[in-house]
Protein chains: 2
Amino acid sequence: MRETIEPGGAPDDARGEAARDEAAVSRFVERFAADLAEAGMQRMAARVFAALLVSDSGALSSAELAERLRISPAAVSGAIRYLSQVDMVVREREPGSRRDRYRLYNEVWYETLTRRDQMVARWESTMRDGAKVLGPGTPAGLRITETADFFEFVQRELPKMLERWRAQQAERRAAEAREAEAG
Amino acid sequence: MRETIEPGGAPDDARGEAARDEAAVSRFVERFAADLAEAGMQRMAARVFAALLVSDSGALSSAELAERLRISPAAVSGAIRYLSQVDMVVREREPGSRRDRYRLYNEVWYETLTRRDQMVARWESTMRDGAKVLGPGTPAGLRITETADFFEFVQRELPKMLERWRAQQAERRAAEAREAEAG
DNA sequence: CCTTAACTTCACAAATTTGTGAAACTAGCG
DNA sequence: CGCTAGTTTCACAAATTTGTGAAGTTAAGG
C-alpha cells in the first residue's frame, strides 16, 4: 500500500481530491453519518453516502469507499444495495474497466423527500381503513380521520414545496450568471 | 381476570370503548405500529402510540395499555418515557387515584414535524461546518453548501405549511358549524 | 476459452437492541 | 406513619442487526 504522510499527520489516502485536511474531512463524514443514522438510516449506508458527498467527483469506486471508511467490500456492497434501492446513488459501469463507480443521484434530496411522501401515502391508506374499523362517528374514528386528512394535506403540499425549491435554485443560478457576466 | 366472550370471538378487554370489533382494531393497531416502526420509531413506542390513537378517550392507563398490547408494565414505562420526551404523549396524574393516565398530545403531528425541523436544523449546521472544512470553492464544498441551503429552505417552509394546515382546519370547522346550524 | 479483477452472496460471530421479571421506589390512603 | 397500588429501574436473557471472511459469480482482457 503506497502511502505518504502529510505534515498534519493525516494519511494522504484520498487521492484525486483537492488538497485538504483529510482528518477533518473524516470527522465531518462521521458526524453527518451519525446525524443520518439517528434519523433511522442504516449506519453503513449513511457513512457511504457521506463519503460520496465529500468527494469532489461525487462518485467513488467500491475500493475507494472501502479504503476511506476502513470497511470490507462486503459492507460497501450492502450499503450500496440499500442506497440504490432508495435512489440516493446510481451505479455506473466505467467503460474500459471492470470497476463500478457509485455516483450520488442528481437530485438526492428531491428523491428522498418523494420517498417520504410515498410513505405518508401508505400511512394515509392505513388511517382510512382504520376509520372504517372504528366507525366514522366514534371519537376514535374522528381522530383517525383527521389524521388521515393531515397526511393527505402533506402529500399535496410536499410536491409544491419541492417545486418552489427548484424555482428558487433556477433564479439563484440565473442571478449568478448575470453577476459573472457583469464582473 | 374477569373476561367475557363476544359472539365474534374477540375478548371484550377494551372496556370503555364504543362497541366494535376488537380483533379488527387490534390488527389496525399492529399495522400502523409497523408503519411507524419502519419509519424508524421504536417498536413498543409505536404500538403504545397506536393504541392511544384508537382509544375513544385518547388516554389510557399503564395497566390498560399493558393488557391491550399484552406487554409488561416495564415495556409500557419505557415506551412512555420515549413518547413523553418527544412530546407525543403527556402524563396526567388522575386526582383522587394513584394511577397515571397517558394522553395523546393535543397537536401530535404539529409537534412531531417541529421536531423533524429541529433535526434538519442540526443537519444544516453540520453542513455549514463541512463546507468550511472542504473549502467553499471546491466541487465538494459547493455541493455541501447547496445541501445546507436546501435544509435552510425546508426550515423556512415547514412552519408555513403547518400554518396553512391550521387555517384549513379552522375553515373546515367553521363550515361544519354553519352546516349544523342550517340543518 | 482461460485467467483474474471486481463485486456479491452467504454463513457466522460480535455487538446491539429489546422486553422481561424482580426489586426498588413513590405517593395515596387508612 | 405504615401499607400497598402503581410505576420505574435494573440486570439479564432472547432476539435482532451488523459487519466480516471466504466462497461464489460475473465479465474484461489476453
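This passage describes a helix pair in chain B and a sheet in chain A of a predicted model. Local features need pLDDT of at least 70, side-chain atom pairs count only at pLDDT 80 or more, and totals for chains, interfaces and linings use all residues. Residues are numbered from 1 along each chain as its sequence is written, chains are lettered from A and ligands numbered from 1 in the order in which they are written, and side-chain values use heavy atoms, without hydrogens and water.

Helices (H or I, at least four residues) and strands (E, at least two) are DSSP runs, numbered from the N terminus. In chain B, helix H1 (residues 22–38) packs against helix H2 (residues 43–53) at an angle of about 135 degrees, and their axes are 8 Å apart. Axes are lines fitted to C-alpha atoms, for helices over the stretch in contact, and angles run from 0 to 180 degrees between N-to-C directions. H1(B) is therefore oblique to H2(B); angles under 35 degrees count as roughly parallel, over 145 as roughly antiparallel, 65 to 115 as roughly perpendicular and the rest as oblique.

In chain A, three strands form an open sheet in the order E1-E3-E2, with antiparallel pairing. Two strands pair if DSSP finds at least two bridges between them. Strand E1 (59–61) and strand E2 (89–93) of chain A are the edge strands, each pairing on one side only. The twist from one strand to the next averages 30 degrees. Five bridges join E2(A) to strand E3 (residues 100–104) of chain A in the antiparallel sense. A:Val90 has A:Arg103 in E3(A) as its bridge partner.
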